[in-house]
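Trainee: I'm new to this one and would like to talk it through with you. Could we go slowly and take one topic at a time?

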Amino acid sequence: MNYNVDDYHASSLNWDLTVAPKGTLLVTNSSGLLTYDGNNWHLYQLPDQSEVSHLVYHQDTIFTQGKAMSATG
C-alpha cells in the first residue's frame, strides 16, 4: 500500500525504519518519529520540531537520533 503525506501528516522524507516486536512500524522522518499499528499513523515530534534520522528498538525502548538545526548570523 502507498501512503502520502496527507495520510500520515508528516514530511515525505523518511530516513530509517524498524518493526517493534508487537508489529508496530517505527519510522524516522523529517517531521519526527512516526508509528503505524496497521490502522493508524501517529507522529511524535521533538520539542524543537527537528527531524529524527535514526532509530534502534532494544528491550522495549526506542532510541532515536535527531538532527538539531541552528541558525547563525
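Trainee: Which residues does Ser53 touch, not counting residues up to four places away in sequence?

Mentor: With those left out, Ser53 touches Trp15, Asp16, Thr28, Gln65 and Gly66, where contact means heavy atoms within 4.5 Å. Before we go on, please keep in mind that this is a predicted model, in which local features need pLDDT of at least 70 and side-chain atom pairs count only at pLDDT 80 or more, while totals for chains, interfaces and linings use all residues. Residues are numbered from 1 along each chain as its sequence is written, and side-chain values use heavy atoms, with hydrogens and water left out.

Trainee: Where is Ser53 found, then? And is Ser53 buried or exposed?

Mentor: Ser53 belongs to strand S5, residues 51-58; helices (H or I, at least four residues) and strands (E, at least two) are DSSP runs, numbered from the N terminus. With a relative accessible area of 9%, Ser53 is buried, a word used for under 20% relative accessible area, with exposed meaning over 50% and partly exposed in between (1.4 Å probe, protein chains only).

Trainee: What about Ser31, where is that?

Mentor: Ser31 is in the loop between strand S2 (25-29) and strand S3 (32-36), and at a relative accessible area of 16% Ser31 counts as buried. Leaving aside neighbours within four places in sequence, Ser31 is in contact with Ala10, Ser11, Leu43, Gln45 and Ser50. As for Ser11, its backbone nitrogen lies 2.9 Å from a polar atom of the Ser31 side chain.

Trainee: How do S2 and S3 run, and how many bridges join them?

Mentor: S2 and S3 run antiparallel and are joined by 5 bridges; two strands pair if DSSP finds at least two bridges between them. Val27 stands opposite Leu34 in S3, and a hairpin connects S2 to S3 through 2 residues.

Trainee: Why is S3 described as largely enclosed?

Mentor: S3 is largely enclosed by the rest of the structure because 5 of its 5 residues are buried.

Trainee: Changing topic, how many aromatic pairs does the structure hold?

Mentor: It holds 2 aromatic pairs. One of them, Tyr8 with Trp41, is tilted, at 5.1 Å centre to centre and 45° between the planes. Tyr8 lies in helix H1 (residues 5-8) and Trp41 in strand S4 (residues 41-44), so this pair ties together parts that are 33 residues apart in sequence. For the terms, rings of Phe, Tyr and Trp (its six-membered ring) pair if their centres lie within 6.5 Å, and planes under 30 degrees apart count as stacked, over 60 as edge-to-face and the rest as tilted.

Trainee: Which residues make up the cluster linked by ring pairs?

Mentor: The cluster consists of Tyr8, Tyr36 and Trp41, and Tyr8 is buried at 8% relative accessibility.

Trainee: What does the whole chain look like in terms of helices and strands?

Mentor: The chain has 1 helix and 6 strands, following the pattern α-β-β-β-β-β-β along the sequence. Of its 73 residues, 25% count as buried, and the C-alpha trace spans about 45 × 30 × 15 Å along its principal axes.

Technical notes. Polar contact = N/O pair within 3.5 Å; in protein donor to acceptor, adjacent residues only side chain to side chain.
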